[in-house]
Amino acid sequence: MIDFHTHPVLIREFAEKYPDYTRMAREVFQIGNNLQPLETFFLQMDVAGIEKAVLLPIACARARGLAVSSNEQVAELCGMSKRFIGFASVDPLHPGAARELESAVKGMGLKGLKLDAALQDFDLNDSKVFAVYEAASALGIPALIHTGMSWAPGTPLAQGQPLLLEPAIRRFPKLNFVLAHWGWPWVWDANALALKYPNVYLDTSCFYYDGPTEFFQFHFSQQMPITIVERSLRNQVVFGSNYPRVEIKNMVKAIKSLGLTEACLQKILRTNAEKLLGIETQPTR
Amino acid sequence: MIIKLEKIKVQSRKAEEAIDITAHVDELVAKSGVKNGLVNVMTCHTSSGLLVTEGLPCLEEDILTHFARLLPEDENYHHRRYLDFDGRVGFNAETHLKSILGGIQCSFPIEDGKVVRGSRQTIYFMEYDGPLERTYMVQVLGE
């Protein structure tokens with residue numbers, strides 16, 4: 001199984017190595033949990049049955065003073081374990097952002113693009129962002145874009161509206177967009193985009209109240225029929241936990257509580273991610 | 001009067017786990033130089049615990065199984081809410097309640113430089129929300 005949405009923000013070895021790392025976790029990303037040795041990350045994956053995790057940085061230094069992990073830090077972690085798949089983040093308003101992305105992919109071996117308009121403070125339809133999308137499309141990597149509500153302080157909700165991405169989705173049909181957090185609370189907007197556009201994927205890292213299983217039961221059974229996932233979107237959903245905002249084991253349990261068929265779960269938990277990442281694939285139905 | 005405080009890290013490897021720390025406590029007492037006094041052991045976390053029982057795998061399993069029965073995950077807990085200051089949802093109420101139910105500390109007398117314990121008493125660090133690196137404290141007081 002692959003977790004498509006994790007943030008390496010509480011790793012003690014990095015807190016000891018990089019002076020601003022803890023302040024970034026507390027003040028920019030805003031998370032109160034204790035720092036943990038890297039070993040805990042792997043153990044969290046193990047108990048959840050996760051083999052590989054996508055690590056997401058956010059290049060928000062211009063807007064927030066510090067980046068939420070750098071591309072270099074993500075690449076460093078990927079160098080420590082093949083269980084990590086690193087994404088790159090760039091500031092689209094920074095001159096040379098497209099070249100920076102190309103360098104992170106070709107030079108550091110990072111496998112995707114991560115952007116968060118709310119935390120990075122840019123307009124999703126700024127022409128400068130489109131230059132980054134163009135580069136991502138040319139590189140053949142997926143773009144995981146924050147949509148929905150952000151936990152980070154000072155981030156406006158409006159910049160997380162999934163429909164803001166429609167012009168880019170239409171302009172770059174060969175670029176696969178992964179809408180993080182299922183666009184919550186705009187889940188129907190996210191659904192509509194995924195139904196209409198084959199280059200739109202949704203990640204399951206939405207959890208904002210109650211317990212993970214309760215949240216999923218409401219979101220996927222009452223807010224929308226689970227049949228949308230089972231029948232229409234089965235090839236466009238990837239499992240993401242948003243660890244360490246929630247432990248991976250709880251999110252795996254939640255997705256497995258929905259009564260999806262094994263074939264559909266296999267796609268969500270593994271093969272859709274493999275397809276997006278261009279790694280080993282298994283036959284899909 | 002000697003007062004020594006040690007903070008010990010322990011890495012839990014499962015979601016729930018009973019970790020025998022008896023030998024480590026004995027060792028810290030022996031190193032402390034205290035001949036007669038008291039040793040207190042306490043977890044530093046609110047979703048883990050410290051308890052004393054007979055050191056048998058079957059009892060370890062029973063404790064965790066019956067705590068889960070008494071405090072199921074799918075109960076209606078008020079703690080399950082958006083905690084903006086923490087950047088998380090407080091979805092682990094049952095782990096906090098298990099910590100309260102099983103307790104967070106224990107103490108034993110020290111005599112002639114050794115912990116005085118019943119022959120079957122084993123000290124466990126209880127993980128209710130792992131795997132995590134945890135810390136427990138051992139304070140030795142005496143002469």
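In the predicted model, B:Leu51 has B:Tyr124 of strand E9(B) as its bridge partner. Strands E4(B) and E9(B), the latter covering residues 121–127, pair in the antiparallel sense over 7 bridges; strands count as paired if DSSP finds at least two bridges between them. Strands (E, at least two residues) and helices (H or I, at least four) are DSSP runs, numbered from the N terminus.

An open sheet of 3 strands in chain B has the order E2-E9-E4, with antiparallel pairing. E2 and E4 of chain B stand at the edges with a single partner strand each, so one side of each has no neighbour in the sheet. The edge strands are listed here.

| Edge strand | Residues |
|---|---|
| E2, chain B | 17–20 |
| E4, chain B | 48–54 |

From one strand to the next, the twist averages 35 degrees.

The axes of H5(A) (residues 71–80) and H6(A) (residues 97–108) come within 11 Å and cross at roughly 15 degrees. Axes are lines fitted to C-alpha atoms, for helices over the stretch in contact, and angles between N-to-C directions run from 0 to 180 degrees. H5(A) and H6(A) are therefore roughly parallel (angles under 35 degrees). The contact (heavy atoms within 4.5 Å) involves A:Asn71, A:Glu72 and A:Ala75 of H5(A) and A:Glu100, A:Ala104 and A:Met108 of H6(A).

Residues are numbered from 1 along each chain as its sequence is written, and chains are lettered from A in the order in which they are written. In this predicted model, local features need pLDDT of at least 70 and side-chain atom pairs count only at pLDDT 80 or more, while totals for chains, interfaces and linings use all residues; side-chain values use heavy atoms, without hydrogens and water.

Definitions and conventions. Parallel < 35°, antiparallel > 145°, perpendicular 65-115°, else oblique.
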